[in-house]
Amino acid sequence: MDAGSLNSSTKFQSKCPDQIRTIRENLDRFIPNRSAMDFDYAHYMLTGGRKGKENPTASSPSREAYRKQMAETLNMNRTRILAFKNKPPTPVELIPQDFYSSSVQQPKTTKPRRHISQSSERTLDAPDLVDDYYLNLLDWGSSNVLAIALGSTVYLWDASDGSTSELVTVEGEDGPVTSVSWAPDGKHISIGLNNSDVQLWDSTANRLLRTLKGGHSSRVGSLAWNNHILTTGGMDGKIINNDVRIRSHIVETYRGHRQEVCGLKWSAAGQQLASGGNDNLLYIWDRSAASSNSPSQSQWLHRMEDHTAAVKALAWCPFQGNLLASGGGGSDRCIKFWNTHTGACLNSVDTGSQVCALLWNKNERELLSSHGFTQNQLTLWKYPSMVKMAELTGHTSRVLFMAQSPDGCTVASAAGDETLRFWNVFGIPEVTKPVPKAHPEPFAHLNRIR
(Lines give C-alpha, C1' and ligand atoms only; values in the text may rest on other atoms or scores of the structure.)
Protein backbone atom coordinates (compact mmCIF):
# COMPACT_ATOMS: atom_id res chain seq x y z
CA MET A 1 0.00 0.00 0.00
CA ASP A 2 1.45 3.39 -0.95
CA ALA A 3 1.79 6.37 1.29
CA GLY A 4 -1.27 8.12 -0.20
CA SER A 5 -3.43 5.13 0.54
CA LEU A 6 -2.07 4.84 4.06
CA ASN A 7 -2.79 8.50 4.82
CA SER A 8 -6.31 8.16 3.40
CA SER A 9 -6.97 5.05 5.50
CA THR A 10 -5.65 6.72 8.62
CA LYS A 11 -7.91 9.74 8.07
CA PHE A 12 -10.91 7.48 7.53
CA GLN A 13 -10.18 5.51 10.68
CA SER A 14 -9.80 8.67 12.78
CA LYS A 15 -13.06 10.24 11.58
CA CYS A 16 -15.29 7.21 11.34
CA PRO A 17 -15.62 6.41 15.10
CA ASP A 18 -16.60 10.03 15.87
CA GLN A 19 -19.27 10.00 13.17
CA ILE A 20 -20.65 6.65 14.33
CA ARG A 21 -20.82 7.85 17.95
CA THR A 22 -22.57 11.07 16.90
CA ILE A 23 -25.17 9.18 14.85
CA ARG A 24 -25.85 6.74 17.69
CA GLU A 25 -26.20 9.44 20.30
CA ASN A 26 -28.16 12.07 18.35
CA LEU A 27 -29.73 9.99 15.55
CA ASP A 28 -29.05 12.83 13.14
CA ARG A 29 -26.19 14.39 11.25
CA PHE A 30 -24.73 17.73 12.20
CA ILE A 31 -24.07 20.50 9.72
CA PRO A 32 -21.23 22.80 10.83
CA ASN A 33 -22.07 26.45 11.23
CA ARG A 34 -19.30 28.27 9.36
CA SER A 35 -20.14 31.66 10.79
CA ALA A 36 -19.29 30.36 14.27
CA MET A 37 -15.89 28.89 13.32
CA ASP A 38 -12.38 30.33 13.77
CA PHE A 39 -10.59 29.06 10.64
CA ASP A 40 -7.21 30.53 11.62
CA TYR A 41 -7.25 28.69 14.91
CA ALA A 42 -8.46 25.56 13.17
CA HIS A 43 -5.58 25.73 10.68
CA TYR A 44 -3.11 26.23 13.49
CA MET A 45 -4.41 23.27 15.44
CA LEU A 46 -4.44 20.97 12.40
CA THR A 47 -1.00 21.89 11.16
CA GLY A 48 1.20 22.65 14.12
CA GLY A 49 -0.63 23.43 17.27
CA ARG A 50 -0.77 19.81 18.45
CA LYS A 51 2.67 18.63 17.34
CA GLY A 52 3.96 18.88 20.86
CA LYS A 53 1.28 16.51 22.11
CA GLU A 54 1.09 14.08 19.19
CA ASN A 55 4.89 13.96 18.55
CA PRO A 56 6.62 15.13 21.73
CA THR A 57 10.16 16.47 21.20
CA ALA A 58 12.68 17.83 23.61
CA SER A 59 12.16 21.51 24.31
CA SER A 60 13.60 23.88 26.81
CA PRO A 61 11.51 24.90 29.86
CA SER A 62 11.66 28.53 28.79
CA ARG A 63 10.24 27.69 25.36
CA GLU A 64 7.41 25.62 26.86
CA ALA A 65 6.51 28.44 29.25
CA TYR A 66 6.51 30.88 26.34
CA ARG A 67 4.18 28.61 24.33
CA LYS A 68 1.67 28.28 27.19
CA GLN A 69 1.63 32.03 27.77
CA MET A 70 1.01 32.68 24.07
CA ALA A 71 -1.81 30.10 24.03
CA GLU A 72 -3.51 31.70 27.00
CA THR A 73 -3.09 35.19 25.55
CA LEU A 74 -4.48 34.18 22.13
CA ASN A 75 -7.22 31.97 23.66
CA MET A 76 -5.84 28.87 22.00
CA ASN A 77 -6.57 26.44 24.85
CA ARG A 78 -9.78 25.40 23.15
CA THR A 79 -10.19 21.84 21.98
CA ARG A 80 -13.27 22.08 19.73
CA ILE A 81 -12.76 23.21 16.16
CA LEU A 82 -16.23 22.69 14.59
CA ALA A 83 -19.24 24.61 15.96
CA PHE A 84 -22.73 23.23 15.33
CA LYS A 85 -24.92 25.93 16.93
CA ASN A 86 -24.69 29.54 18.01
CA LYS A 87 -25.37 30.88 21.46
CA PRO A 88 -28.92 32.28 21.53
CA PRO A 89 -28.90 36.02 20.93
CA THR A 90 -29.89 38.31 23.77
CA PRO A 91 -33.58 39.25 23.37
CA VAL A 92 -34.15 42.83 22.30
CA GLU A 93 -36.72 44.73 24.35
CA LEU A 94 -38.78 46.44 21.67
CA ILE A 95 -41.25 48.00 24.16
CA PRO A 96 -39.98 49.71 27.32
CA GLN A 97 -40.92 47.86 30.49
CA ASP A 98 -42.58 50.89 32.07
CA PHE A 99 -44.81 51.38 29.00
CA TYR A 100 -45.76 47.70 29.01
CA SER A 101 -46.70 47.64 32.67
CA SER A 102 -48.85 50.76 32.37
CA SER A 103 -50.67 49.77 29.19
CA VAL A 104 -51.41 46.10 29.84
CA GLN A 105 -54.39 45.41 32.08
CA GLN A 106 -53.65 43.68 35.32
CA PRO A 107 -55.33 40.30 35.86
CA LYS A 108 -58.79 40.60 37.35
CA THR A 109 -59.09 39.85 41.00
CA THR A 110 -61.38 37.04 42.04
CA LYS A 111 -64.85 38.31 42.90
CA PRO A 112 -65.51 37.77 46.60
CA ARG A 113 -68.25 35.30 47.40
CA ARG A 114 -71.45 37.04 48.41
CA HIS A 115 -72.63 36.47 51.96
CA ILE A 116 -76.26 35.36 52.07
CA SER A 117 -77.91 35.92 55.40
CA GLN A 118 -79.92 32.92 56.56
CA SER A 119 -82.27 35.03 58.69
CA SER A 120 -84.72 37.78 57.77
CA GLU A 121 -83.64 41.40 58.13
CA ARG A 122 -87.06 42.52 59.40
CA THR A 123 -90.32 40.88 60.40
CA LEU A 124 -93.74 42.56 60.46
CA ASP A 125 -97.08 41.23 61.60
CA ALA A 126 -99.65 40.55 58.88
CA PRO A 127 -102.88 39.67 60.70
CA ASP A 128 -105.85 38.38 58.67
CA LEU A 129 -103.68 37.49 55.68
CA VAL A 130 -105.83 35.11 53.62
CA ASP A 131 -104.14 31.70 53.41
CA ASP A 132 -105.16 30.97 49.80
CA TYR A 133 -102.68 29.63 47.24
CA TYR A 134 -104.63 31.01 44.27
CA LEU A 135 -104.57 34.69 45.30
CA ASN A 136 -101.91 37.39 44.81
CA LEU A 137 -101.91 39.72 47.81
CA LEU A 138 -98.43 41.30 47.78
CA ASP A 139 -96.67 43.72 45.41
CA TRP A 140 -93.75 46.17 45.61
CA GLY A 141 -94.07 49.27 43.43
CA SER A 142 -91.44 51.31 41.60
CA SER A 143 -91.86 54.12 44.17
CA ASN A 144 -90.50 51.76 46.85
CA VAL A 145 -93.89 51.26 48.51
CA LEU A 146 -95.08 47.77 49.40
CA ALA A 147 -98.79 46.95 49.14
CA ILE A 148 -100.31 44.05 51.04
CA ALA A 149 -103.95 42.96 51.34
CA LEU A 150 -105.01 41.76 54.79
CA GLY A 151 -108.57 40.54 54.67
CA SER A 152 -110.67 43.36 53.19
CA THR A 153 -108.04 46.08 53.78
CA VAL A 154 -105.07 47.17 51.65
CA TYR A 155 -102.09 48.59 53.54
CA LEU A 156 -99.13 50.51 52.16
CA TRP A 157 -95.67 50.23 53.75
CA ASP A 158 -93.14 52.87 52.64
CA ALA A 159 -89.69 51.23 52.58
CA SER A 160 -87.88 54.58 52.60
CA ASP A 161 -89.07 55.57 56.09
CA GLY A 162 -90.88 52.45 57.38
CA SER A 163 -94.24 54.19 57.69
CA THR A 164 -97.52 52.31 57.22
CA SER A 165 -100.84 53.66 55.98
CA GLU A 166 -104.23 52.24 55.11
CA LEU A 167 -105.34 52.71 51.52
CA VAL A 168 -108.84 51.20 51.48
CA THR A 169 -111.12 48.84 53.34
CA VAL A 170 -113.69 47.05 51.20
CA GLU A 171 -117.11 46.90 52.80
CA GLY A 172 -119.58 44.03 52.99
CA GLU A 173 -119.72 41.23 50.47
CA ASP A 174 -117.38 42.98 48.03
CA GLY A 175 -114.41 41.65 49.98
CA PRO A 176 -112.08 40.22 50.76
CA VAL A 177 -109.39 41.66 48.50
CA THR A 178 -108.14 38.91 46.20
CA SER A 179 -105.25 40.60 44.33
CA VAL A 180 -103.13 43.78 44.25
CA SER A 181 -100.77 45.10 41.57
CA TRP A 182 -98.91 48.40 41.15
CA ALA A 183 -99.01 50.26 37.85
CA PRO A 184 -95.60 50.93 36.23
CA ASP A 185 -95.59 54.53 37.49
CA GLY A 186 -95.58 53.40 41.13
CA LYS A 187 -98.38 55.81 42.03
CA HIS A 188 -101.51 53.99 40.92
CA ILE A 189 -102.58 50.56 42.10
CA SER A 190 -105.17 48.04 40.96
CA ILE A 191 -107.16 45.97 43.44
CA GLY A 192 -109.06 42.81 42.52
CA LEU A 193 -112.10 41.93 44.61
CA ASN A 194 -114.04 38.86 45.55
CA ASN A 195 -117.17 40.25 43.83
CA SER A 196 -115.43 40.25 40.37
CA ASP A 197 -114.78 44.04 40.31
CA VAL A 198 -111.40 45.70 39.88
CA GLN A 199 -110.69 49.08 41.47
CA LEU A 200 -108.06 51.62 40.38
CA TRP A 201 -106.63 53.86 43.10
CA ASP A 202 -104.36 56.90 43.24
CA SER A 203 -102.10 56.09 46.19
CA THR A 204 -100.70 59.63 46.55
CA ALA A 205 -104.13 61.24 46.79
CA ASN A 206 -105.71 58.20 48.46
CA ARG A 207 -108.56 58.42 45.94
CA LEU A 208 -110.57 55.87 43.96
CA LEU A 209 -110.28 56.67 40.24
CA ARG A 210 -112.60 54.11 38.67
CA THR A 211 -114.04 50.62 38.99
CA LEU A 212 -113.83 48.10 36.14
CA LYS A 213 -117.03 46.07 36.00
CA GLY A 214 -118.61 43.48 33.75
CA GLY A 215 -115.51 41.58 32.73
CA HIS A 216 -115.60 38.63 35.12
CA SER A 217 -118.34 36.66 36.79
CA SER A 218 -116.36 35.68 39.92
CA ARG A 219 -113.36 36.76 41.97
CA VAL A 220 -110.31 38.30 40.30
CA GLY A 221 -107.24 36.58 41.77
CA SER A 222 -104.50 37.76 39.40
CA LEU A 223 -103.49 41.10 37.85
CA ALA A 224 -100.68 42.20 35.50
CA TRP A 225 -99.86 45.59 33.98
CA ASN A 226 -98.52 46.23 30.48
CA ASN A 227 -98.19 50.00 30.07
CA HIS A 228 -101.80 51.29 30.04
CA ILE A 229 -103.25 47.78 29.69
CA LEU A 230 -104.37 46.06 32.89
CA THR A 231 -104.77 42.30 32.44
CA THR A 232 -107.08 40.52 34.84
CA GLY A 233 -107.54 36.80 35.48
CA GLY A 234 -110.58 35.37 37.25
CA MET A 235 -112.01 32.24 38.76
CA ASP A 236 -114.20 32.02 35.65
CA GLY A 237 -111.07 31.09 33.61
CA LYS A 238 -111.17 34.27 31.52
CA ILE A 239 -108.23 36.61 30.92
CA ILE A 240 -109.19 40.17 29.97
CA ASN A 241 -107.08 43.06 28.70
CA ASN A 242 -108.48 46.35 29.98
CA ASP A 243 -107.44 49.72 28.54
CA VAL A 244 -107.77 51.96 31.58
CA ARG A 245 -107.78 55.13 29.44
CA ILE A 246 -111.13 54.54 27.76
CA ARG A 247 -114.71 54.08 28.90
CA SER A 248 -115.22 50.69 27.19
CA HIS A 249 -112.17 49.21 28.85
CA ILE A 250 -112.37 45.59 27.60
CA VAL A 251 -110.21 45.39 24.46
CA GLU A 252 -109.21 41.71 24.35
CA THR A 253 -110.28 38.44 25.94
CA TYR A 254 -108.11 35.31 26.15
CA ARG A 255 -109.99 32.02 26.51
CA GLY A 256 -108.17 28.79 27.23
CA HIS A 257 -108.22 28.00 30.94
CA ARG A 258 -111.04 25.81 32.18
CA GLN A 259 -110.52 26.71 35.84
CA GLU A 260 -109.31 29.68 37.91
CA VAL A 261 -106.45 31.78 36.54
CA CYS A 262 -104.00 32.15 39.42
CA GLY A 263 -100.83 33.42 37.68
CA LEU A 264 -100.33 36.26 35.18
CA LYS A 265 -97.04 37.83 34.02
CA TRP A 266 -96.22 40.03 31.03
CA SER A 267 -92.76 39.75 29.46
CA ALA A 268 -90.41 42.72 29.81
CA ALA A 269 -91.00 43.72 26.18
CA GLY A 270 -94.77 43.58 26.73
CA GLN A 271 -95.32 41.30 23.74
CA GLN A 272 -96.00 37.95 25.42
CA LEU A 273 -98.25 37.09 28.37
CA ALA A 274 -97.83 33.96 30.49
CA SER A 275 -100.86 32.61 32.35
CA GLY A 276 -101.15 29.71 34.77
CA GLY A 277 -104.29 28.10 36.09
CA ASN A 278 -105.78 25.60 38.48
CA ASP A 279 -106.32 23.32 35.46
CA ASN A 280 -102.54 22.57 35.53
CA LEU A 281 -102.08 24.43 32.24
CA LEU A 282 -99.60 27.10 31.23
CA TYR A 283 -100.41 29.35 28.26
CA ILE A 284 -98.31 31.83 26.30
CA TRP A 285 -100.32 34.57 24.58
CA ASP A 286 -98.94 36.93 21.94
CA ARG A 287 -100.51 40.36 21.48
CA SER A 288 -99.73 40.33 17.77
CA ALA A 289 -101.55 37.03 17.26
CA ALA A 290 -105.09 38.38 17.64
CA SER A 291 -107.65 36.62 15.49
CA SER A 292 -108.60 38.56 12.39
CA ASN A 293 -112.16 37.22 12.55
CA SER A 294 -112.64 38.26 16.17
CA PRO A 295 -110.05 40.80 17.29
CA SER A 296 -111.50 40.85 20.81
CA GLN A 297 -110.70 37.16 21.33
CA SER A 298 -107.09 36.05 20.85
CA GLN A 299 -105.68 32.58 20.25
CA TRP A 300 -102.91 31.26 22.45
CA LEU A 301 -99.39 30.90 21.05
CA HIS A 302 -98.33 27.88 23.17
CA ARG A 303 -100.19 25.52 25.48
CA MET A 304 -98.04 23.58 27.95
CA GLU A 305 -99.42 20.54 29.76
CA ASP A 306 -96.28 19.35 31.56
CA HIS A 307 -97.24 20.43 35.08
CA THR A 308 -99.37 18.03 37.15
CA ALA A 309 -100.74 20.64 39.58
CA ALA A 310 -101.90 24.26 39.58
CA VAL A 311 -99.47 26.72 37.97
CA LYS A 312 -99.27 29.94 39.94
CA ALA A 313 -95.57 30.85 40.18
CA LEU A 314 -94.38 32.60 36.99
CA ALA A 315 -91.22 34.67 36.36
CA TRP A 316 -89.73 36.03 33.13
CA CYS A 317 -85.94 35.98 32.97
CA PRO A 318 -84.44 39.52 33.05
CA PHE A 319 -81.37 38.60 30.95
CA GLN A 320 -83.06 36.38 28.32
CA GLY A 321 -86.34 37.68 26.99
CA ASN A 322 -87.78 34.36 25.82
CA LEU A 323 -86.99 32.39 28.99
CA LEU A 324 -89.84 31.75 31.43
CA ALA A 325 -89.76 29.92 34.76
CA SER A 326 -92.92 28.30 36.12
CA GLY A 327 -93.68 26.46 39.36
CA GLY A 328 -96.24 23.78 40.11
CA GLY A 329 -98.40 23.10 43.14
CA GLY A 330 -98.32 20.39 45.78
CA SER A 331 -98.62 17.31 43.58
CA ASP A 332 -96.16 18.66 40.99
CA ARG A 333 -93.42 20.41 43.04
CA CYS A 334 -91.39 21.23 39.92
CA ILE A 335 -89.76 24.35 38.54
CA LYS A 336 -89.75 24.25 34.75
CA PHE A 337 -87.96 26.48 32.26
CA TRP A 338 -89.47 27.29 28.87
CA ASN A 339 -88.39 28.76 25.56
CA THR A 340 -91.48 30.82 24.80
CA HIS A 341 -90.53 31.25 21.14
CA THR A 342 -90.72 27.52 20.48
CA GLY A 343 -92.74 26.30 23.47
CA ALA A 344 -90.02 23.78 24.38
CA CYS A 345 -89.36 22.77 27.99
CA LEU A 346 -85.65 23.38 28.61
CA ASN A 347 -85.32 21.90 32.08
CA SER A 348 -87.38 20.60 35.00
CA VAL A 349 -86.27 20.45 38.65
CA ASP A 350 -88.16 18.64 41.39
CA THR A 351 -87.98 20.90 44.46
CA GLY A 352 -89.66 18.45 46.83
CA SER A 353 -92.44 20.82 47.91
CA GLN A 354 -95.19 23.09 46.62
CA VAL A 355 -93.83 26.02 44.58
CA CYS A 356 -95.71 29.18 45.56
CA ALA A 357 -93.70 32.01 43.97
CA LEU A 358 -90.63 32.67 41.81
CA LEU A 359 -88.33 35.69 41.48
CA TRP A 360 -85.23 36.22 39.32
CA ASN A 361 -82.20 38.09 40.61
CA LYS A 362 -81.83 41.23 38.49
CA ASN A 363 -78.04 41.40 39.01
CA GLU A 364 -76.92 37.75 38.91
CA ARG A 365 -78.02 34.53 37.21
CA GLU A 366 -80.02 33.30 40.18
CA LEU A 367 -83.60 32.28 40.89
CA LEU A 368 -85.46 32.44 44.20
CA SER A 369 -88.40 30.15 44.95
CA SER A 370 -90.79 30.04 47.91
CA HIS A 371 -92.34 26.82 49.12
CA GLY A 372 -94.95 25.19 51.29
CA PHE A 373 -94.96 21.97 53.29
CA THR A 374 -92.70 20.68 54.78
CA GLN A 375 -89.98 23.29 55.34
CA ASN A 376 -91.87 26.47 54.28
CA GLN A 377 -88.54 27.83 53.03
CA LEU A 378 -87.15 30.18 50.42
CA THR A 379 -84.56 28.51 48.18
CA LEU A 380 -81.93 30.35 46.14
CA TRP A 381 -80.81 28.52 42.98
CA LYS A 382 -77.85 29.12 40.68
CA TYR A 383 -78.96 29.23 37.05
CA PRO A 384 -78.62 27.25 34.82
CA SER A 385 -77.00 24.54 36.96
CA MET A 386 -79.86 24.77 39.50
CA VAL A 387 -77.50 24.11 42.37
CA LYS A 388 -78.90 25.23 45.71
CA MET A 389 -77.00 28.26 47.00
CA ALA A 390 -78.99 28.86 50.19
CA GLU A 391 -82.18 27.95 52.02
CA LEU A 392 -83.84 30.66 54.08
CA THR A 393 -86.09 29.51 56.89
CA GLY A 394 -88.18 31.33 59.44
CA HIS A 395 -91.76 31.06 58.25
CA THR A 396 -93.87 28.42 60.00
CA SER A 397 -96.46 28.12 57.23
CA ARG A 398 -96.31 28.01 53.43
CA VAL A 399 -94.72 31.10 51.87
CA LEU A 400 -97.52 32.12 49.53
CA PHE A 401 -96.32 35.47 48.17
CA MET A 402 -93.04 37.20 47.30
CA ALA A 403 -92.24 40.69 46.01
CA GLN A 404 -88.95 42.30 44.98
CA SER A 405 -87.74 45.82 45.82
CA PRO A 406 -87.17 48.24 42.91
CA ASP A 407 -83.37 47.96 43.24
CA GLY A 408 -83.64 44.18 43.06
CA CYS A 409 -81.80 43.52 46.33
CA THR A 410 -84.47 42.90 48.96
CA VAL A 411 -87.28 40.36 48.84
CA ALA A 412 -90.46 40.51 50.92
CA SER A 413 -92.29 37.27 51.68
CA ALA A 414 -95.74 36.77 53.19
CA ALA A 415 -96.91 33.44 54.57
CA GLY A 416 -99.88 31.74 56.11
CA ASP A 417 -98.29 32.30 59.54
CA GLU A 418 -99.46 35.94 59.20
CA THR A 419 -95.95 37.41 59.08
CA LEU A 420 -94.23 39.58 56.51
CA ARG A 421 -90.46 39.03 56.33
CA PHE A 422 -87.75 40.92 54.48
CA TRP A 423 -84.65 39.14 53.18
CA ASN A 424 -81.42 40.64 51.86
CA VAL A 425 -80.93 37.65 49.59
CA PHE A 426 -79.85 39.18 46.28
CA GLY A 427 -77.03 41.34 47.68
CA ILE A 428 -76.03 44.82 46.57
CA PRO A 429 -75.47 45.63 42.88
CA GLU A 430 -71.93 46.78 42.00
CA VAL A 431 -73.08 49.86 40.11
CA THR A 432 -76.42 51.49 40.70
CA LYS A 433 -77.72 52.95 37.47
CA PRO A 434 -80.91 55.00 37.14
CA VAL A 435 -83.61 52.92 35.53
CA PRO A 436 -85.12 54.75 32.54
CA LYS A 437 -88.88 54.98 32.48
CA ALA A 438 -89.84 52.24 30.03
CA HIS A 439 -93.49 53.18 29.64
CA PRO A 440 -95.49 56.38 29.93
CA GLU A 441 -97.70 56.69 32.95
CA PRO A 442 -101.04 54.95 32.35
CA PHE A 443 -102.84 57.72 34.26
CA ALA A 444 -101.10 60.65 32.63
CA HIS A 445 -104.45 62.18 31.63
CA LEU A 446 -106.86 61.65 34.50
CA ASN A 447 -109.62 63.49 32.67
CA ARG A 448 -109.76 60.63 30.16
CA ILE A 449 -110.64 58.06 32.82
CA ARG A 450 -114.37 57.42 33.11
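This is a predicted model: local features need pLDDT of at least 70, side-chain atom pairs count only at pLDDT 80 or more; totals for chains, interfaces and linings use all residues.

Reader: Is Ser 218 buried or exposed?

Author: Ser 218 is found in the loop between strand E9 (207-212) and strand E10 (220-226). Because buried means under 20% relative accessible area, the 19% relative accessibility of Ser 218 places it in that class. Ser 218 therefore counts as buried.

Reader: From the backbone nitrogen of which residue does a polar atom of the Ser 218 side chain lie 3.1 Å away?

Author: Leaving aside neighbours within four places in sequence, Ser 218 is in contact with Asn 194, Ser 196, Met 235 and Asp 236. The backbone nitrogen that lies 3.1 Å from a polar atom of the side chain of Ser 218 belongs to one of these, Asp 236.

Reader: Where is the peptide bond from Gly 175 to Pro 176, and what is its omega?

Author: Pro 176 lies in the loop between strand E5 (164-169) and strand E6 (177-182). The peptide bond from Gly 175 to Pro 176 is cis, with omega near 5°.

Reader: What is the omega of the cis peptide bond from Phe 373 to Thr 374?

Author: Thr 374 is found in the loop between strand E23 (366-371) and strand E24 (378-382). The bond from Phe 373 to Thr 374 is cis, and its omega is near 15°.

Reader: What is the phi of Asn 280, which is not a glycine?

Author: Asn 280 lies in the loop between strand E15 (272-277) and strand E16 (282-290). At 25% relative accessibility, Asn 280 counts as partly exposed. Its phi is positive, at about 70°.

Reader: In the open sheet E22-E23-E24-E25, what is the average twist from one strand to the next?

Author: The open sheet is formed by 4 strands in the order E22-E23-E24-E25, with antiparallel pairing. Strand E22 (355-360) and strand E25 (387-392) are its edge strands, as each pairs on one side only. From one strand to the next, the twist averages 25°.

Reader: Which residue in E24 is the bridge partner of Ser 369?

Author: E23 and E24 run antiparallel and are joined by 5 bridges. In E24, the partner of Ser 369 is Thr 379.

Reader: What is the geometry of the aromatic pair formed by Tyr 133 and Tyr 134?

Author: The count of aromatic pairs comes to 11. Tyr 133 and Tyr 134 form one that is 5.5 Å centre to centre, with 90° between the planes. Because planes over 60 degrees apart count as edge-to-face, the pair of Tyr 133 and Tyr 134 is edge-to-face.

Reader: How many residues apart are Phe 337 and Tyr 383?

Author: Phe 337 and Tyr 383 form a tilted aromatic pair, 5.1 Å centre to centre and 50° between the planes. Both Phe 337 and Tyr 383 are buried. Phe 337 is in strand E20 (residues 334-339) and Tyr 383 in the loop between E24 and E25, so that the pair links distant parts of the chain, 46 residues apart.

How values were computed:
Residues are numbered from 1 along each chain as its sequence is written. Side-chain values use heavy atoms; hydrogens and water are left out. Helices (H or I, at least four residues) and strands (E, at least two) are DSSP runs, numbered from the N terminus. Buried means under 20% relative accessible area, exposed over 50%, partly exposed in between (1.4 Å probe, protein chains only). A polar contact is a pair of N or O atoms within 3.5 Å; within protein, one must be able to donate a hydrogen and the other to accept it, and residues adjacent in sequence count only if both atoms are side-chain atoms. Contact means heavy atoms within 4.5 Å. Two strands pair if DSSP finds at least two bridges between them. Axes are lines fitted to C-alpha atoms, for helices over the stretch in contact, and angles run from 0 to 180 degrees between N-to-C directions. Rings of Phe, Tyr and Trp (its six-membered ring) pair if their centres lie within 6.5 Å; planes under 30 degrees apart count as stacked, over 60 as edge-to-face and the rest as tilted.
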